[in-house]
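Try each one before reading its solution.

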Amino acid sequence: MSTNAKGVSLAGIVKWYGKVQAVRGVDLDVAPGEMVSLLGPSGCGKTTTLRMIAGLEVPDAGEIRIGDARANDVPPWKRNIGMVFQNYALFPHKTVAENIAYGLVMRRLPRAEIATRVADAMRQVQLSGLDDRVPSQLSGGQRQRVALARALVTRPDVLLFDEPLAALDRKLREQMQVEIRQLQRAVGITTIFVTHDQDEALTLSDRIVVMEGGRIVQSGTPGEIYERPGSHFVSDFIGMMNALRATVLGREGDGRLRVRMEPGGRELLVTGPAGMDAGAAVELMLRPEKVRLNPPAAPGTIEATGTVAHVVYLGPVTYLHVRTADGVLIAMLPNAEGGGAQPRQGEAVSIGWRAADMVCFAPPDDA
Amino acid sequence: MNPRRALNATLMLAPGVALLGLVLVWPFVVMGGMSLRERFPGPIGPSFAKYAEFLGDEYMLNVALRTFSLGTTVTLICAVLGYPIAWFLARSGSRWAHLVFLGTIFPLLVSIVVRTMGWTILLGNEGLVNAALLSLGVVDEPLRLMKGFWSVVLGMVHVLMPFMVLSIAAVLGKIDGAYAEAAATLGATPVRNFLTVTLPLSVQGIAAGSVITFCLCVGAFVTPIWLGRGHVTVMAIAIHEQMVTLVDWPGGAASGILLSLATLVLLGAYGLLLRRWSRR
């Protein structure tokens, strides 16, 4: 809808805090109208990166561009951005309407236009009628909406979110995720969303950028990040993973690795990154939902028998921890189909998975 | 609140309330009673003669006007000069902040007499400032730096500044830095950011500091006497004259009650004004 959406591009961004290098050379291009999540554990540099885009921090090296213009030396009040803060940072001495109008007042717009745009924005986020409340009289979800309206009403070039949903309870959080996504699509605004919550990133984003230790480790659509993680860190951080230890025996002609699982000694062919020599210790990553109970025999399927060590019932799904000769595997089983009984603890079961669903990575350094 | 907790709360409050009753309420009652007599010793009254006397006495009205001008001036200067210091203490994160803090509260560690004497040494006719100016040939005869309204203002600002700075710093330190950041992302220049966000949010601190500063200032005695050299008669000095020199106890009591009432009324009006402004 918005025809003047601007892209954001970061090139070689570096930020030091004293002797700590918080951001170690980040390159990122966000297309006009795109919604990108910066995802990573605390301390990975995602919030610092966002604050540099906002102008609240100044990078020590590299270039930030908003649209076609270099933004490094532009102070935040001249950047035409909208930002939703972690605890919303609603002005406690101003009413809801005054909070939303703030950016318009700062832009010295005519009074009548401010009133119209504030009313429109309040309708857009379903806050009509709350004009004269002050932030302390609002619920968490209402504060979130005020913050959103305040950031959007100025029609910024870029919308920035700094973990804005962390304080909400789960149900409200999921509802707000959908609302934010719908609003972002309707407005067509370029959006960068910082979160440490993988579900949030998967729900909201056109593209997820995973950060670790001040660097971008992978960037891709939610599906790509989930299905084809590029590193042990990404595969472990997003979603649940079985990590099975194995040793590399050699590389086949088609590029796949021949590995032997430890313990158990089962030999497999799996895809794996380049540069892995025979004898290297690796971990085979396998999503629990790829493990099936009583699998039909098919070429490429690996079968194992074991006993159920632990059962975790979660409503829609049940997780079975199965002790096999290959180690403990977690299988995710849907509880659909009339709520049929799942195996109980101590029961002997047969499980299976496809070798193609396993991804091989070098284990993390600290393992 | 259940009865047991109510009892506990009462027991904990009791000593404070008893002390306040003894040193605040009881003297007021005695003063009030005294002010309603025509003379002491004499019949108990009640008579408003002393109040009428005060309000019809141009000298006393001038003293009252001078006292409240002094209080207003000193409070204003403390707020304007103290705010940046409080800001530095609360927000800068500078490693010099603790030194500035020490410097701020230092006047409180020195006896009021010593502190006032110090200003006398600096500002007197044979004082440091005049000696320097004379020896440099800037002036031919000593400037009369003392015995004026402004020398009293100077001394009072010095004494009362810490109360203002600490009150403002306490409030500034608690304001979430995200408010100013949010305002900046919404397009507020640093000046407008301060005027629309930080200043209104710190009004509580200015108000608390102003109340302390103003009350201490309108009741001040030593500093106006010493630095005013008898030319800056304020209420405390006038009441002392009435009570001790003229032995007019009912007159002094009436002046005291009027001083207290006027102070309360002014502070109430000030509070309303600040509240209205910060809500804007």
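**Exercise 1.** Find which residues touch the most other members of the largest nonpolar core.

*Solution.* Start with the term: a nonpolar core is a set of buried Ala, Val, Leu, Ile, Met, Phe, Trp, Tyr and Cys residues joined through C-beta atoms within 7 Å. Buried means that 20 or more other C-beta atoms lie within 10 Å of the residue's own, with C-beta atoms placed from the backbone. The largest core has 80 residues, and A:Ile53, A:Ile100, A:Ala149, A:Leu160, A:Ile192, A:Val209 and B:Ala183 touch the most other members. Next, zoom in on A:Ile53: skipping neighbours within four places in sequence, its contacts (C-beta atoms within 7 Å) are A:Val8, A:Ile64, A:Val158, A:Leu160 and A:Ile192. A separate core of 49 residues includes B:Tyr83 and B:Val157.

This is a predicted model: local features need pLDDT of at least 70, side-chain atom pairs count only at pLDDT 80 or more, and totals for chains, interfaces and linings use all residues. Residues are numbered from 1 along each chain as its sequence is written, while chains are lettered from A and ligands numbered from 1 in the order in which they are written.

**Exercise 2.** Work out how chain A is divided into domains.

*Solution.* An automatic or database assignment sets the bounds: domain 1 spans 8–236 and domain 2 spans 240–361. Over C-alpha atoms, the centres of these two chain A domains are 38 Å apart.

**Exercise 3.** Count the residues of chain A that are in contact with chain B.

*Solution.* It's 17 from chain A, against 18 from chain B.

Methods
A residue is buried if 20 or more other C-beta atoms lie within 10 Å of its own, exposed if 12 or fewer, and partly exposed in between; C-beta atoms are placed from the backbone. Two residues are in contact if their C-beta atoms, placed from the backbone, lie within 7 Å.
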